[in-house]
Amino acid sequence: MEARRIDSGKIAEVSHGLERTEVERREKVFSVTDLSVAYSGNVALEGVNLDVHKQTVTAFIGPSGCGKSTFIRCFNRMNDLVPSARVSGTVLYHGEDLYARDVDSVEIRRRIGMVFQKPNPFPKSIYDNIAFGPRVLSMEGSLDERVEQALRRAALWDEVKDRLKDGALGLSGGQQQRLCIARALAVEPDVILMDEPASALDPISTTRIEDLMHELKRDYTIIIVTHNMQQAARVADMTAFFSVIVDEDGGGRRGVLVEYDSTTKIFTTPSDKRTEDYVTGRFG
């Protein structure tokens, strides 16, 4: 059955992003096949299949408990740090199996950076926060230049250039989050994962983070988890909608990928009724 166009008054305006055909012409960064994750034997996410393409912003949306954060942590093997977690299926990164036994998870986390929901600067100076990763990895080149470049790319340099030795914890929440983005950029990643990066920030700081995402996608591939559908509509080229299936006996619930398409299509002519109900606020 042909999808019915949603009344545009019911949703946020979708910013102009890449069309699906243009996205799919770009190199695949990730190719996910039949991915499932369980904690202590309880399935949290089941049977996910999707591709993520280079220099795009991909958003994961859906109600709480649908596995969005679990899924994004599969891309840099953060679930390895949870003893009860078991990941099955395949995640290819530039064609290589991310979960192969000979893959160095530390190198994976350098190339695939992570920015968390709550800003988490180290209790060190602004400079030392940015310099930490390059020092640990013994990266070559001028450390001062690397710190400056990372702060410039995170749109923070002009605000902190005269106080680099000051403690990072003295920055505002929005500045701290941009500092964490700069810290991820300092080790020259390929991908930036963002798990609810603006949910703890005020509207002005949120706008700055969103503007920064638009700038960064020129050089990086970005994956974002967000509960804010307006944010997904503003920043993402592709959007994946996840939902929850509850077992008939009520004894278990698991997240599933319902629909994955261009952001414009997800928010205006979704193919699945569950997607339409969610983006129009009828459930979730």
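Helices (H or I, at least four residues) and strands (E, at least two) are, in this talk, DSSP runs numbered from the N terminus. The structure before you is a predicted model, in which local features need pLDDT of at least 70 and side-chain atom pairs count only at pLDDT 80 or more, whereas totals for chains, interfaces and linings use all residues. Residues are numbered from 1 along each chain as its sequence is written, and side-chain values use heavy atoms, with hydrogens and water left out.

I begin with the backbone. A155 is found in the loop between α5 (143-153) and α6. Its phi is positive, about 55°, although A155 is not a glycine. A155 is partly exposed, because its relative accessible area is 41%; here buried means under 20% relative accessible area, exposed over 50%, and partly exposed in between (1.4 Å probe, protein chains only). D34, in strand β1 (residues 28-39), is another residue other than glycine with a positive phi, near 50°. At 48% relative accessibility, D34 also counts as partly exposed.

Next, the charged pairs. Side chains of opposite charge can pair when their charged atoms come close. I call a pair a salt bridge when a side-chain nitrogen of Lys or Arg lies within 4 Å of a carboxyl oxygen of Asp or Glu. By this rule the count comes to 20 salt bridges.

One of them joins R178 and E159, whose closest N and O atoms are 2.8 Å apart. R178 lies in helix α7 and E159 in helix α6 (residues 157-160), so this pair ties together parts that are 19 residues apart in sequence. How exposed or buried are the two partners, R178 and E159? R178 is buried, at 4% relative accessibility, while E159 is partly exposed, at 26%.

A second bridge links K265 and E259, with 4.0 Å between the closest N and O atoms. Here K265 is partly exposed, with a relative accessible area of 23%, and E259 is buried, at 7%. In a third, R274 pairs with D272 at 3.0 Å between the closest N and O atoms; R274 is partly exposed, at 37%.

I turn now to open space. Rolling a probe the size of a water molecule over the atoms shows where empty space is left.

Two or more lining residues come from each of α3, β6 (112-115), α4 (126-136) and α7 (173-185). The largest share, 4 residues, is given by β6.

Finally, the surface. V106, in helix α3 (residues 105-111), is exposed at a relative accessible area of 53%. Together with F132, V136 and L137, V106 forms a nonpolar surface patch of about 350 Å² of accessible area. Such a patch takes residues with over 30% relative accessible area and no salt bridge, nonpolar side chains (Val, Leu, Ile, Met, Phe, Trp, Tyr) being joined within 5 Å; the areas come from the Shrake-Rupley method with a 1.4 Å probe.

How values were computed. Patch = residues over 30% accessible without salt bridge, like charges linked within 9 Å, V, L, I, M, F, W, Y side chains within 5 Å.
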